[in-house]
Amino acid sequence: MTQVETTLRSPDAYGLAHRVIDEMQAAAIWPTPLNFELWLHYLGDPEGPLGREIKRLIASKEAFTEATSEMLAAEYLPRAKLSEEIRDAGAVLNRELSSVADAIATAHKSQAAYGATLADASASMETVDGGAALKKVVSTLSTATRKVQRENATLEKKLEASTREVARLREHLEQVRRDAMTDALTNLANRKAFDEQLARLCDEANAGGQTLALAVLDIDHFKRFNDTWGHQTGDQVLRYVASVLARVSKHPRIAARYGGEEFALIFPGEFSNEVEKALNLMRQEIGSRALRRRSTNDELGAVTISAGFAQHRAGETPSALLERADEALYASKRGGRNRVTDADAISKAA
C-alpha cells in the first residue's frame, strides 16, 4: 500500500481531501473524479513520480486537459496501469489467435485443392493410354505434393511461433493476475484475494465438512508509530509484521493484508489448538525484536500484535465467521493487547 493509500485510511484523510479541493480550485482544475484522484496522489506524495510530473506541468503552465489527466492516470495510477497491461495482452492474444485462424483456413484451402488435384489425377489415370500422358499425370501429382509440403511447413512454423507467443502471454496474464491479488506494500494477498479464498474455503467446508479456522490480527498502537515517526516508518513496521506472517503461514495457510494495520490468516484443515499455537508463535516472534528506523537508526521499540480466531461452524457464511474472529480480536484488545483470543472461549464464558 502506498503512502497516499495509508493516509486515506487514517484521520488525516479529511485534511488531505480539503487541501486537494483548495489546490485544484487555485490551479483552476475541474474537480472530476479522475482529477481528484490524481491530486490526492500528488498532494499525498508530492515528491513521488506523479507529484513531480504534476509540479512540472503546473510550472510550465501547460493546459490540464482531459487527455492530460488520462495520460497521467495511465502512467502513474496503479489500477490504470494494470488495466492497460491487461488490454495490451488481450490485444496481442487476439492478434495471435487471428493469425492461427488464418493459417488454418489457408491449410484447409490447400488441402481442398490438393484433394481436387488427386481426384482429377485419379480420373485421368483411368483414361490414360500412353506413357507421355501418364508422365504428365505423375508430374502434376508431384508438383501438387511439393506445394502442399511447402505450405504445411509454413503452417507448422506459424503454429510453433503462435504457440510460443500464447504461452508467453498466458504467463504474463498470470503474473498480472497475481499482481492484482497482491498487496503492493507487504507482498501478502490483498483484501480481494482474501475474500475470494475465504468464500471458496467456506463453501468447501460446508460441502465436505473440512476443518477451517480464520484469524484476524492487528498491530497494537500502530497509529502511535505513524504519528511519531511518519508513514514511511509505519510502512516499515507493516512490512516487518508481514514478513513474519508470510514465513510462518506456508501453504495451505493463507496470509493477507486485510486493511490498514490489520491482517487475516486462513487455516484450512487445522483445529483450534493448532491455530492458537501458531498465532502465539507469530506474536512472540514479532514482539521479540526491537526495531530501528532505517533512515536515522532511532530505536522504535518492540512491536506487538493482538489476534482473535474462530473455528468454522457447519453452514457458517464467510461474513459470520469473520465477525466472530473480529469479536475475538476486540476481546484481545480489551484484555490488554499482545494476546490471542479464541472466539469459542468467549462463547463459553458468556
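Hi everyone, let me start with the overall picture: of the 350 residues of this chain, 39% count as buried, where buried means under 20% relative accessible area, exposed means over 50%, and partly exposed is in between, using a 1.4 Å probe and protein chains only. Please keep in mind that this is a predicted model, so local features need pLDDT of at least 70 and side-chain atom pairs count only at pLDDT 80 or more, while totals for chains, interfaces and linings use all residues. Residues are numbered from 1 along each chain as its sequence is written, and side-chain values use heavy atoms, with hydrogens and water left out.

The chain has 13 helices and 7 strands; these are DSSP runs numbered from the N terminus, with helices being H or I of at least four residues and strands E of at least two. As for contacts, meaning heavy atoms within 4.5 Å, residues 24 or more positions apart account for 63% of those with a separation of 6 or more.

Now to the sheet. It is open, has 5 strands in the order S2-S3-S1-S6-S7, and its pairing is mixed; two strands pair if DSSP finds at least two bridges between them. Which strands stand at the edges? Those are S2, residues 254-259, and S7, residues 340-342, each with a single partner strand, so one side of each has no neighbour in the sheet. On average, neighbouring strands are turned by 20° against each other, direction ignored.

Let's look at S1, residues 212-219. For Val-216, the partner in S3 is Ala-264.

How many residues of S1 are buried? The count is 8 of the 8, so S1 is largely enclosed by the rest of the structure. In a regular strand, side chains alternate between the two faces of the sheet. Here both faces of S1 are covered, with Leu-212, Leu-214, Val-216 and Asp-218 buried on one side and Ala-213, Ala-215, Leu-217 and Ile-219 buried on the other.

Which helices lie across these strands? Helix H10, residues 231-248, lies across S1, S2, S3 and S6 (305-311), and runs at about 5° to S3. Helix H11, residues 272-287, lies across S1, S3, S6 and S7, at about 170° to S6. For these angles, axes are lines fitted to C-alpha atoms, for helices over the stretch in contact, and the values run from 0 to 180 degrees between N-to-C directions.

Next, a helix pair. The axes of H8 (residues 191-208) and H12 (residues 318-334) come within 9 Å and cross at roughly 110°. That makes H8 roughly perpendicular to H12, a label for angles of 65 to 115 degrees, with under 35 being roughly parallel, over 145 roughly antiparallel and the rest oblique. H8 contributes Phe-194, Leu-198, Ala-199 and Cys-202 to the contact, and H12 contributes Pro-318, Leu-321 and Leu-322.

Now some loops, beginning with the one between H7 (131-180) and H8, where we find Thr-186. Thr-186 is buried, at 10% relative accessible area. Its side chain makes a polar contact of 2.7 Å with that of Asp-183; such a contact is a pair of N or O atoms within 3.5 Å, where within protein one must be able to donate a hydrogen and the other to accept it, and residues adjacent in sequence count only if both atoms are side-chain atoms. Leaving aside neighbours within four places in sequence, Thr-186 is in contact with Leu-238, Ala-242, Arg-257 and Phe-263.

Asn-187 sits in the loop between H7 and H8 too. Is Asn-187 buried or exposed? At 62% relative accessibility, Asn-187 counts as exposed, and its phi is near 65°, a positive value in a residue other than glycine.

Last stop, the loop between H10 and S2, which holds Ser-249 and Pro-252. Ser-249 is buried at 8% relative accessibility, and its side chain reaches the backbone oxygen of Leu-245 at 2.7 Å. The peptide bond from His-251 to Pro-252 is cis, with omega near 10°.
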